[in-house]
Amino acid sequence: MPPPAGCEPAPVHRIDSEADLAHGLACLVAADPRLAAVLATGGAPPLRRRAAGFAGLAAIVVGQQVSTASAAAIGARLFAAIDPFEPAAIVRARPARLAQVGLSTPKIKALKAIARAIRDGSLDLDGLATLPADAAHEALCAVHGIGPWTADSYLLFCLGHADAWPAGDLALQEAARLAFGLDARPTARQLAVLAEPWRPWRGVAAFLLWTYYRTAKGREAVPPAAPLATN
């Protein structure tokens with residue numbers, strides 16, 4: 001079956017609506033027929049989007065390596081304490097004040113580094129939306145405190161970048177093992193190679209595999225993030 005129109009590579013494909021997600025799924029299945037069985041088993045993934053910008057990126061940093069409940073509590077206290085939540089306010093905030101809301105020292109350093117990078121112009125969050133996934137990923141990871149997981153989560157969930165690929169996510173690796181009958185869970189490098197044929201829709205493939213994982217394992221797989229500021 002030929003792929004639908006609009007599947008060809010482009011600088012950036014976006015997932016801004018359910019229609020975008022459905023189109024990406026159709027392109028994926030046309031590119032790799034094995035994914036039809038994954039889709040049939042797990043069902044169509046829901047559209048998952050969060051607010052972009054500094055608050056969105058900060059929420060992902062807050063949510064690293066903590067439970068959803070802890071991330072929610074810390075995020076709520078942070079956004080209440082820093083209002084309006086802007087890079088300049090984080091740059092000025094005393095570390096002790098940020099620690100009082102529950103942030104660890106590494107997360108305080110990360111938020112301050114991100115805030116300074118935005119203030120100084122070395123990180124253009126708005127411009128990331130126009131960059132190819134690999135270039136946007138590299139730009140984010142160049143900032144202290146932003147690792148691959150944070151970068152890919154921001155690109156996928158906050159910007160709706162259709163080609164963001166969080167290859168280091170353990171649930172995604174396990175989903176691929178189950179879906180394709182692999183002998184062992186693939187490493188991040190192996191998962192990156194596996195996903196090459198799915199460009200420029202690797203982010204849609206991530207949503208698909210996370211949904212498959214939820215069906216296969218009976219538990220949620222999408223990485224948690226803290227609640228976003230409402231101001």
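1. Contacts in this predicted model: of those in the chain with a separation of 6 or more, 69% are between residues 24 or more positions apart.

2. Secondary structure is helical, with twelve helices and zero strands in the chain. Read from the N terminus, the order of elements is therefore α-α-α-α-α-α-α-α-α-α-α-α. The radius of gyration is 18 Å, close to the 17 Å that the globule rule gives for 231 residues, so the chain is as compact as a globular protein of that length. Along the principal axes, the C-alpha atoms fill a box of roughly 60 × 35 × 30 Å.

3. Burial and surface: of the 231 residues in the chain, 46% are buried. The accessible surface of the chain is about 10,500 Å², and carbon and sulfur atoms contribute 56% of that surface.

4. Charges: the chain carries 22 positive and 19 negative charges. The mean position of the positive set lies 10 Å from that of the negative set.

5. Helix α9 deserves a separate entry. It spans residues 148-158, and nine of its eleven residues are buried, so the helix is largely enclosed by the rest of the structure. The buried residues are Thr 150, Ala 151, Asp 152, Ser 153, Tyr 154, Leu 155, Leu 156, Phe 157 and Cys 158. Against which helices do the buried residues of α9 pack? They pack against α3 (53-62), α8 (133-141) and α12 (202-217).

6. After α9 comes Gly 160. The phi of Gly 160 is positive, near 65 degrees.

7. Cysteines: the structure holds zero disulfides. Cys 141 is in no disulfide, and the nearest cysteine sulfur to its own is that of Cys 158, 15 Å away. Cys 158 is likewise in no disulfide, its nearest cysteine sulfur being that of Cys 141 at 15 Å.

Note on methods: Residues numbered from 1 in each chain as written. Predicted model: local features only at pLDDT ≥ 70, side-chain atom pairs only at ≥ 80, totals over all residues. Heavy atoms only, no water. Helix = DSSP H or I, 4+ residues; strand = E, 2+ residues; numbered from the N terminus. Rg over C-alpha atoms; globule rule 2.2 N^0.38 Å. Buried < 20%, exposed > 50% of the residue type's maximum accessible area, 1.4 Å probe, protein only. Contact = heavy atoms within 4.5 Å. Areas by Shrake-Rupley, 256 points an atom, 1.4 Å probe, with all protein chains shown as cover. Lys, Arg positive; Asp, Glu negative; His and termini not counted. Charge placed at Lys NZ, Arg CZ, Asp CG, Glu CD. Disulfide = S-S within 2.5 Å.
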